[in-house]
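Below are some questions about one protein model, with answers. Please look at the structure before reading on.

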Amino acid sequence: MDVNKYINKCGLYIYRLLKLDTESYGHNVKSSIKKINMIHGNELEEYARQFWLRQIKRSVFIFLSAIIILSFIIISNKTSNKSIVIERDSYGGEEKEYLFDIARDDFRSTINIYIPAVLYSDEMLEIIIADISSKLEESLIGDNDNLENIVTDLCMSEDTEYEGISIRWSTSNYDRVSRTGTVFNEDIRVPTQVFIKADILYEEIIKEIEYKAIICPKAYTEEEIIEDKIRKNIEDLINEDLESIYVEVPQSIDDIDISEKSSKHSSKYIIVLLFLLAIPLLYLKEIEALKTKVKSRNRQLLKEYSNFINKLVLLLGAGMNVKSSIHKMVEKKPNQRNYLYEELTITVNELNAGISENVAYYNFGRRIGMPTYLKISTLIIQNVKLGSKGLLQQLEQEEVWAFEQRKEYAKKLGEEAGTKLLFPMIIQMLIVMIIIMIPALLNFNV
C-alpha cells in the first residue's frame with residue numbers, strides 16, 4: 001500500500017475543502033510568495049498550491065502518527081493480559097509507594113501499596129555477616145598496632161561494602177572513645193579499658209521492638225472491604241518473594257480491575273499531545289518564515305529607493321526618456337539578488353512584450369506595494385500621459401526627500417545596532433569588574 005499516495009490525496013481533498021486558494025489567509029500567503037519569488041499568474045497559483053499541500057500533508061502525517069501511537073497505547077492498556085511489573089528499591093533502600101486504580105462496573109477507587117526494598121536471602125546474609133566480622137577488627141584498629149595498644153583514633157565506619165548493610169558503633173566510655181572512633185587520651189595516666197560494640201544492621205534482623213496494641217473492629221463499608229481485600233492480596237504477593245527485584249501485580253482480582261497510578265502512562269499521552277502540537281507550530285513557523293522574507297524584501301527596497309531616484313534623475317538629465325532610463329538601469333543590474341532590479345526587469349519584459357507604458361509602470365508600483373514606489377510610478381504615468389514637462393524637477397525634489405529618508409533609516413539602523421550591543425557590553429563590564437575586584441578582595445583578606 002502506497003501511504004504517500006493516500007496522504008497526497010487526503011492533502012488535496014483538505015486543500016479543496018478549506019478553499020485555501022480563495023480565502024483571505026490564502027491570499028495573504030499568495031501575496032507574500034509573489035513578492036519574494038517574483039512570480040505571477042499560473043506559476044504563482046501552482047507555487048501557492050504546492051505550499052499549502054506541503055503544510056497539509058505534513059499535518060496529516062503527524063496527525064495519523066499521533067492516532068497510531070494513541071491506538072497502540074489504548075490497546076496495550078486495555079487488552080494486555082500481562083501482569084503489572086513494578087520495581088523494588090535496591091538492598092537497604094526505602095519502601096516505595098505505588099498507587100493502583102481499582103475498578104468495577106459499580107465503583108472506582110485508588111489504593112496505595114508500600115513495597116519494601118529487595119532482601120538478602122538467609123544463606124547470603126550469613127555469608128555477608130561472616131565476611132564483615134572477619135574484617136571488622138582489622139578495620140577498627142586503623143593506624144594502631146592492635147587493640148591492646150590504642151594511641152590514635154579508631155576507624156569506626158558505619159558503611160560496609162555490601163549495599164543495605166551498615167554498622168552501629170557504641171562504647172562503654174564515651175569520655176575516652178567517641179561513637180565516631182575519636183580517642184581522648186591526653187589526660188590519662190594509666191591504661192583504661194573501654195568496651196566497643198558493633199551492631200551489624202540489616203533491616204529488622206537485629207532490631208527488636210515490642211509492640212502492644214489493642215485494635216477494635218471497625219464497621220467497614222463495602223468499598224473499604226474491597227480495598228482492604230485487594231491490598232492484602234497485593235501485599236501477600238509482594239511478600240511471597242522478597243528476594244526478587246521485580247514484583248508482578250495482577251491486573252484483576254475477583255473481577256476488580258487494577259492498574260498502576262503512575263506517570264508512566266501519562267508520559268505516553270504527552271508524546272501524542274506533542275505530535276498534535278507540532279502541527280500548528282510547524283504551520284506558524286512556515287508563515288513566520290514568509291513574513292521574515294517579506295520584511296527583508298521591503299527593507300532592501302527601502303534602502304534602494306534613494307539610489308533608484310538618483311540614477312533616474314541622472315539618466316533623464318542626460319536626455320534619455322523614462323523607458324530608456326529603465327532599460328539602461330536593467331542592463332547594469334548587480335550580480336547579487338536585488339528585488340528592485342528584478343521588478344524593473346519584469347517591467348522591461350512587459351514593455352518589450354507590447355504592454356503600454358502606463359500599464360507597465362502601474363504594475364511596477366502595484367507589485368512592490370510600498371507608498372514610495374507607488375508615488376514614483378504615479379509621477380511617471382502622469383509624465384507619459386501629459387508630457388515630460390516638470391518631471392525632472394519633481395524627481396529632483398523626490399531625490400532630496402529620498403536622501404533624507406535614507407539618512408533617517410540609516411540612523412534608525414544604527415540605534416538598533418547600539419541597542420543590540422548593549423547587553424554584550426554589560427557582560428564585558430561585569431567581567432572586567434570581577435577581574436579587578438577579586439584580586440583586591442583577596443589582598444585585603446575579605
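Q: How much space lies in the second largest pocket?
A: This is a predicted model, in which local features need pLDDT of at least 70, side-chain atom pairs count only at pLDDT 80 or more, and totals for chains, interfaces and linings use all residues. Residues are numbered from 1 along each chain as its sequence is written, and side-chain values use heavy atoms, without hydrogens and water. A pocket is an open set of points on a 1 Å grid where a 1.4 Å probe fits, with protein on both sides within 12 Å along at least five of seven lines. Taken as the space filled by probe spheres set on the points, the volume of the second largest pocket is about 440 Å³.

Q: Which residues of the lining lie nearest the centre of the second largest pocket?
A: Lining residues have an atom within 4 Å of a point. The second largest pocket has 17 of them, and nearest its centre lie L147, E148, N149, I150 and T192.

Q: Which residue of β6 is the bridge partner of I84?
A: Strand β1 (residues 84–87) runs antiparallel to strand β6 (residues 246–249), and four bridges join them. Two strands pair if DSSP finds at least two bridges between them. The bridge partner of I84 in β6 is V249.

How values were computed
Helices (H or I, at least four residues) and strands (E, at least two) are DSSP runs, numbered from the N terminus.
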